[in-house]
Amino acid sequence: MKKKKKIALIFGPNGQDAYYLNRILVENKISVYGISLNKAKKNNFKILCIKKFNDKIITKILKKIKPNYIFNLLSVSSKKEAEDDVIK
């Protein structure tokens with residue numbers, strides 16, 4: 001029986017923590033996807049750029065990718081960005 005490859009999903013793949021996390025996951029033969037609001041550097045993983053985070057988009061991505069692991073490393077870059085992205 002063929003073993004199914006594990007999948008990880010990283011929200012916020014551009015930072016230092018994501019870089020090192022990605023290296024560990026890849027070394028352990030885990031496929032890695034990164035979700036970013038802007039263009040991300042490709043660090044041995046597939047990048048999905050989206051315009052805005054909302055429940056509908058996230059649910060669609062989760063159903064499509066079916067990750068075994070999810071890591072949330074998102075951060076706010078500026079006060080303006082924080083004010084624009086407030087979930088109401």
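Tyr-19 counts as partly exposed because its relative accessibility is 34%, where partly exposed is the range between buried (under 20% relative accessible area) and exposed (over 50%), using a 1.4 Å probe and protein chains only. Tyr-20 also falls in the partly exposed class, at 45%.

A word on ground rules: this is a predicted model, so local features need pLDDT of at least 70 and side-chain atom pairs pLDDT 80 or more, while totals for chains, interfaces and linings use all residues. Numbering starts from 1 along each chain as its sequence is written, and side-chain values use heavy atoms, with hydrogens and water left out.

**The overall layout**

Zooming out, the protein has three helices and four strands, taken as DSSP runs numbered from the N terminus (H or I of at least four residues for helices, E of at least two for strands). Along the sequence they read β-α-β-β-α-β-α. Buried residues account for 31% of the 88 residues. Of the contacts (heavy atoms within 4.5 Å) between residues at least 6 apart in sequence, 53% link residues at least 24 apart.

**The sheet**

The four strands make an open sheet in the order β3-β2-β1-β4, with parallel pairing; strands pair if DSSP finds at least two bridges between them. β3 and β4 take the edges with a single partner strand each, so one side of each has no neighbour in the sheet. On average, neighbouring strands are turned by 20° against each other, direction ignored.

Two helices pack on this sheet, as the table shows. Axes here are lines fitted to C-alpha atoms (for helices, over the stretch in contact), and angles between N-to-C directions run from 0 to 180 degrees.

| Helix packing on the sheet | Strands touched | Angle to the direction of β1 |
|---|---|---|
| α1 | β1, β2 and β4 | about 180° |
| α2 | β1, β2, β3 and β4 | about 160° |

**A closer look at β2**

Which residues of β2 point which way? Ser-31, Tyr-33 and Ile-35 face one way, Val-32, Gly-34 and Ser-36 face the other, and all are buried. β2 pairs in parallel with β1 over five bridges, and Leu-9 sits opposite Tyr-33. To get from β1 to β2, the chain passes through helix α1 (residues 16–27) in a right-handed β-α-β crossover; right-handed means that, with the strands pointing away from the viewer, the path from the first strand over the helix to the second runs clockwise.

β2 also runs parallel to β3 (residues 46–49), joined by four bridges. Here Gly-34 has Ile-47 as its bridge partner, and Ser-36 stands opposite Cys-49.

**Cores**

A nonpolar core is a set of buried Ala, Val, Leu, Ile, Met, Phe, Trp, Tyr and Cys residues joined through side-chain atoms within 4.5 Å. The largest one holds nine residues: Ile-7, Leu-9, Phe-11, Tyr-33, Ile-35, Ile-50, Ile-58, Ile-61 and Ile-65. β1 (7–11), β2 (31–36) and α2 (55–65) each give two or more residues to this core. A separate second core has seven residues, including Ala-18, Leu-21, Leu-25 and Val-32. In soluble globular proteins, nonpolar side chains tend to be buried together.

Setting aside residues within four places in sequence, Ile-35 is in contact with Leu-9, Ile-10, Phe-11, Gly-12, Pro-13, Leu-48, Ile-50, Phe-53 and Ile-61.

**Two lysines with positive phi**

Lys-29 has a positive phi of about 60° despite not being a glycine. Lys-29 lies in the loop between α1 and β2 and counts as exposed because its relative accessibility is 63%. Lys-66, another residue other than glycine, has a positive phi near 55°. Its place is the loop between α2 and β4 (69–72), and at 58% relative accessibility Lys-66 is exposed.
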